[in-house]
Amino acid sequence: MKNFHGLFSFTETAAAGSFTAAANKLNLTPAAVSKNVARLESQLGVRLFNRSTRHLRLTAEGEAFRARTAVALRVLDEAVAEVSHARGAVVGRVRISVGVSFGRHYLLPLLPALLAAHPKLQIEVSLDNRAVDMLSEGFDVTIRGGVIEESSLVARRIARLPLVLVASPEYLRQKGVPEALADLKRHDLLGVRSSGGDEIPWRFRKPDRRGSVEIALSARLWVSDPEALLGLAVENAGIAQVGLHHAMPYLQTNRLKVVLSELHDPGDREIMLHYPHRLYLAPRVRVTVDSLLADLAKNQNLHAKPQALPKHFMA
């Protein structure tokens, strides 16, 4: 197959969602991109996109073709990057997928210095809380938190991810400070539900300290983003379970307090940086990964431990 113009036009259109956006990245006109894709469809004998006056969507065949070509194009991209590396340059684009709140508060502030250090490096950040398939979607790096499962990807730990239960001082003044698990029945609870419908459970130590028990959360409010959950807690809406790294700025300014710290047992969670496992990692990706891990290791809020919190952080 020699239709590289069609292949590149298809790939960028699939990633951007429109011919116009793809044209901007390829320095072509939208009409040229559309024509390249049409020629590719004719060559393959299948329709890759369903088109309307307002929408452009991949067909099932287009989705499958995108997943397969993403791997080939990534290898080609890395071959170019390796040649550039031989000349001592870090060149090309790194696509990063990261959760919304972590991306805003911890990742994005690090990028200006990284780009200043490497003038030919480009970074594209996707802020999204959904689970992604980094290979088929063309991401070079993903950052996610939770219970990390076995994966074929390389996983580098950024930090442990302890969870804490928090509420605002005003809410606790109105409703009282919970001192036992049974006290939660008279409180307003705030829950997180993922885009896939899963909820993060609340877990507590058993009275005999042998094991733990999960509670069925009867939340009055559900959200899909940790930052939104913190906002609700700060506005006196109830008790929320959040990552300590997200809560730290609010604990430090006395806008939130930790509750039930002696009973709460959220389990072992981590926040990890993933990238594809390859013998040769493109210099643009290696530089980005190494820089981000080094800078994130210096952030004290990311490495705070519940048992080491000052007493005035507690309700």
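Helices (H or I, at least four residues) and strands (E, at least two) are DSSP runs, numbered from the N terminus. The model is predicted, and local features need pLDDT of at least 70, side-chain atom pairs count only at pLDDT 80 or more, and totals for chains, interfaces and linings use all residues. Residues are numbered from 1 along each chain as its sequence is written, and side-chain values use heavy atoms, with hydrogens and water left out.

Thr142 belongs to strand E5. Thr142 counts as buried because its relative accessibility is 6%, where buried means under 20% relative accessible area, exposed over 50%, and partly exposed in between (1.4 Å probe, protein chains only). Contact (heavy atoms within 4.5 Å) links Thr142 to Ser97, Val132, Met134, Met272, Leu273 and His274, residues up to four places away in sequence not being counted. Leu273, with neighbours within four places in sequence left aside, is in contact with Val141, Thr142, Ile143, Val154, Ala155, Arg156, Ile158, Val289 and Leu293.

A nonpolar core is a set of buried Ala, Val, Leu, Ile, Met, Phe, Trp, Tyr and Cys residues joined through side-chain atoms within 4.5 Å. The largest has 27 residues, of which Phe102, Val141, Ile143, Ile158 and Leu273 touch the most other members. Elements that each supply at least two residues of this core include strand E3 (92–98), strand E5 (141–146) and helix H11 (283–296). H11 gives the most, with five residues. Another core, of 21 residues, lies apart from it and has Val164, Ala240, Ala247 and Val258 among its members.

Phe4 is located in helix H1 (residues 4–16) and counts as partly exposed, because its relative accessibility is 44%.
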